[in-house]
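Biologist: I have a model open and would like to learn how to read it. Could you take me through it feature by feature?

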Amino acid sequence: FGFGGSDFHMVVEEYRSQRVFVVGEVRQPGTYQLTGGMLLIEALATAGSTLGSASGEVVVVRAKGAGGPVLPGQDDAAETISVNLRELQTGATSQNVLLRDGDTIFVPLAETIYVFGQVRSPGSYSIKKDTTVLQALSLAGGVTEFGATNRINIVRLIDDEPKEIRVKLNDMVQPGDTVMVPERFF
């Protein structure tokens, strides 16, 4: 018949060793076995889902012959696929990448801003991409009755120097910004 058992064993071993790496803001980062037709959402679920500290995106890094996790920017030849986490979680199939052997699924930490002054809950807050000043204020519980929404400033590091910038409610905040709500004049 000519069916060599060792050939069969080798194929099974090769298939079994296919894996993906899940790193970053997930409950159980680690190396996971890649099953046939595994999609991104399944790998994230296997890793215990994303943490509240996760940013709004997931990056799949596809590096040739990776023996371990490869982060974005570590391998210039690697292909990177950015996925909107919220769209993925709400069932957008276009965001649900079919995984390949050696893929690294990287869930970055959300960026932080600080909100101070006349807001109900001053402090630091995690933001997603494209967060407005108004959204930042809502994270901080909204402006108090003493707050002046027409004179909000942001302190932003520009060339390592803190600069104060007057902003409108629909302006975008940037990671590291400090949003300051002054008291209104009575």
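Biologist: What pLDDT does the protein average?

Modeller: pLDDT is the predictor's confidence in each residue, from 0 to 100. Here the protein averages 90, and 91% of the residues score at least 70. This is a predicted model, in which local features need pLDDT of at least 70, side-chain atom pairs count only at pLDDT 80 or more, and totals for chains, interfaces and linings use all residues. Residues are numbered from 1 along each chain as its sequence is written, and side-chain values use heavy atoms, with hydrogens and water left out.

Biologist: Where is confidence lowest, and where is it highest?

Modeller: Helices (H or I, at least four residues) and strands (E, at least two) are DSSP runs, numbered from the N terminus. Helix H1 (residues 5-16) has the lowest confidence, with a mean of 50, while strand E10 (residues 178-181) has the highest, at 98. Over residues 8-13 the pLDDT is below 50, and beyond near neighbours in sequence this stretch has 1 contact (heavy atoms within 4.5 Å) in the model. Where pLDDT is low, the predicted coordinates should not be read in detail.

Biologist: Now to side chains. Is Arg 156 buried or exposed?

Modeller: Buried means under 20% relative accessible area, exposed over 50%, and partly exposed in between (1.4 Å probe, protein chains only). Arg 156 counts as buried because its relative accessibility is 15%. Arg 156 sits in strand E8 (residues 153-158).

Biologist: Which side chain makes a polar contact with the side chain of Arg 156?

Modeller: A polar contact is a pair of N or O atoms within 3.5 Å; within protein, one must be able to donate a hydrogen and the other to accept it, and residues adjacent in sequence count only if both atoms are side-chain atoms. For Arg 156 the partner is the side chain of Asp 177, at 2.7 Å. Not counting residues up to four places away in sequence, Arg 156 also touches several others, including Glu 161, Pro 162, Ile 165 and Met 172.

Biologist: How should I read backbone angles, and what is the phi of Asp 160?

Modeller: Most residues other than glycine have a negative phi, and most peptide bonds are trans. In Asp 160, phi is near 65°, a positive value in a residue other than glycine. Asp 160 lies in the loop between E8 and strand E9 (161-166), and it counts as exposed because its relative accessibility is 70%. Ser 49 has a positive phi too, near 75°. That residue belongs to the loop between helix H2 (40-46) and strand E3 (57-62), and is partly exposed, with a relative accessible area of 31%.

Biologist: And which residues does Thr 131 contact?

Modeller: Leaving aside neighbours within four places in sequence, Thr 131 is in contact with Ala 136, Asp 171, Met 172 and Val 173. Thr 131 is in the loop between strand E7 (123-127) and helix H4 (133-139), and counts as buried at 7% relative accessibility.

Biologist: Last one: how many residues line the largest pocket?

Modeller: On a 1 Å grid over the protein atoms alone, a pocket is an open set of points where a 1.4 Å probe fits, with protein on both sides within 12 Å along at least five of seven lines; lining residues have an atom within 4 Å of a point. About 460 Å³ of space lies in the largest pocket. It is lined by 19 residues, and the closest to its centre are Ser 55, Gly 56, Glu 57, Lys 128 and Lys 129. Helix H3 (residues 85-89) gives the largest share of the lining, 3 residues.

Conventions
Points joined across faces, edges and corners; volume = space filled by probe spheres on them.
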